[in-house]
Amino acid sequence: MIKLRDLTFKALPFTLLHHQLLTVKCEGMHRVFLTLLAFGALHVPCAQAQTQPDLKPVASERLLMPLFPSGWKEVYRSRESIEVVEYVPTDQSATSWQDKIQLQVYNNLNDLPLDAIQRRTQGQNRNRCTGVVEGSLQSGLNNGYPSAFWTLGCRYIKSGEGKGSGETQYTKAIQGQSSLYVLSRIWRTPAFAQDGPEIAIESVNDGVAFLTTSIVCVPKSEDHPCEFESN
């Protein structure tokens with residue numbers, strides 16, 4: 001179980017050098033690459049690499065998620081002006097889940113302030129929650145791009161999907177060269193009070209590591225390098 005005061009990212013430095021982000025071994029790890037490239041093959045060095053989610057190609061930049069959890073499946077996809085893709089573990093479903101990863105891609109939009117995205121998610125959370133928990137915005141650079149991290153908690157969902165439950169969300173946003181990416185790790189739990197949501201600390205640590213190592217990169221770029229490229 002984690003406490004509400006633990007809904008923070010302060011334990012890890014948010015501004016990270018790109019070579020610190022991907023110092024991970026391939027053994028026992030699945031790589032997922034969301035390739036936003038109209039044409040061209042993507043080289044994946046790990047034998048365990050999962051199938052690449054097929055997002056609409058819009059630019060030469062790519063979202064790399066090297067610590068995407070093994071055994072998760074896509075359960076939702078929307079290709080409107082804001083693309084949304086959602087994943088849950090194989091033993092959960094789109095309507096009955098406790099763990100979720102949500103990716104939002106604002107295509108051809110890289111000038112929207114990241115704090116505006118945070119305020120939008122806070123407003124949505126306040127509308128459906130009794131007992132809102134909000135972490136402060138933390139900003140920095142991630143692989144050379146402006147990035148931000150924040151946390152949200154909902155002690156009791158009062159309406160809509162998940163009514164009667166509690167929810168905790170860790171979110172990382174990255175302003176890429178052409179698009180804006182909002183990546184969230186979400187936990188749905190029983191409603192909770194001051195003692196915090198019932199989330200195993202191992203799950204929290206895995207979620208933080210997943211978000212920390214996820215980057216936007218540009219092939220052959222020195223400023224925004226893709227670590228998986230061959231020399």
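1. A pocket here is an open set of grid points with protein on both sides within 12 Å along at least five of seven lines. In this predicted model, the largest pocket holds about 590 Å³ of space.

2. A word on what surrounds that space. The lining of the largest pocket is made up of 26 residues, and those nearest its centre are Gln102, Gln124, Arg128, Glu167 and Gln169. Two or more lining residues come from each of β4 (82–89), β5 (99–106), α2 (114–128), β8 (145–157), β9 (165–175) and β10 (180–190). Helix α2 gives the largest share, five residues. Sorted by class, the lining has 12 polar, seven charged and seven nonpolar residues.

3. Of the contacts with a separation of 6 or more, 60% join residues 24 or more positions apart.

4. On burial and surface, 51% of the 231 residues are buried. The protein exposes about 10900 Å², and 49% of that area is supplied by carbon and sulfur atoms.

5. Is Ser78 buried or exposed? Ser78 counts as buried because its relative accessible area is 12%, and the cut-off for buried is under 20%. Leaving aside residues up to four places away in sequence, Ser78 touches Glu83 and Val84. Between Ser78 and Gln104, 26 residues apart in sequence, the C-alpha to C-alpha distance is 9.4 Å.

Terms used:
Residues are numbered from 1 along each chain as its sequence is written. This is a predicted model: local features need pLDDT of at least 70, side-chain atom pairs count only at pLDDT 80 or more; totals for chains, interfaces and linings use all residues. Side-chain values use heavy atoms; hydrogens and water are left out. Buried means under 20% relative accessible area, exposed over 50%, partly exposed in between (1.4 Å probe, protein chains only). Contact means heavy atoms within 4.5 Å. Accessible areas come from the Shrake-Rupley method with a 1.4 Å probe; for residues, only the protein chains shown count as cover. On a 1 Å grid over the protein atoms alone, a cavity is a set of points where a 1.4 Å probe fits but cannot get out, and a pocket is an open set with protein on both sides within 12 Å along at least five of seven lines; lining residues have an atom within 4 Å of a point. Grid points are joined across faces, edges and corners, and a volume is the space filled by probe spheres set on the points. Helices (H or I, at least four residues) and strands (E, at least two) are DSSP runs, numbered from the N terminus. Ala, Val, Leu, Ile, Met, Phe, Trp, Tyr, Cys and Pro count as nonpolar, Asp, Glu, Lys and Arg as charged, and the others, Gly among them, as polar.
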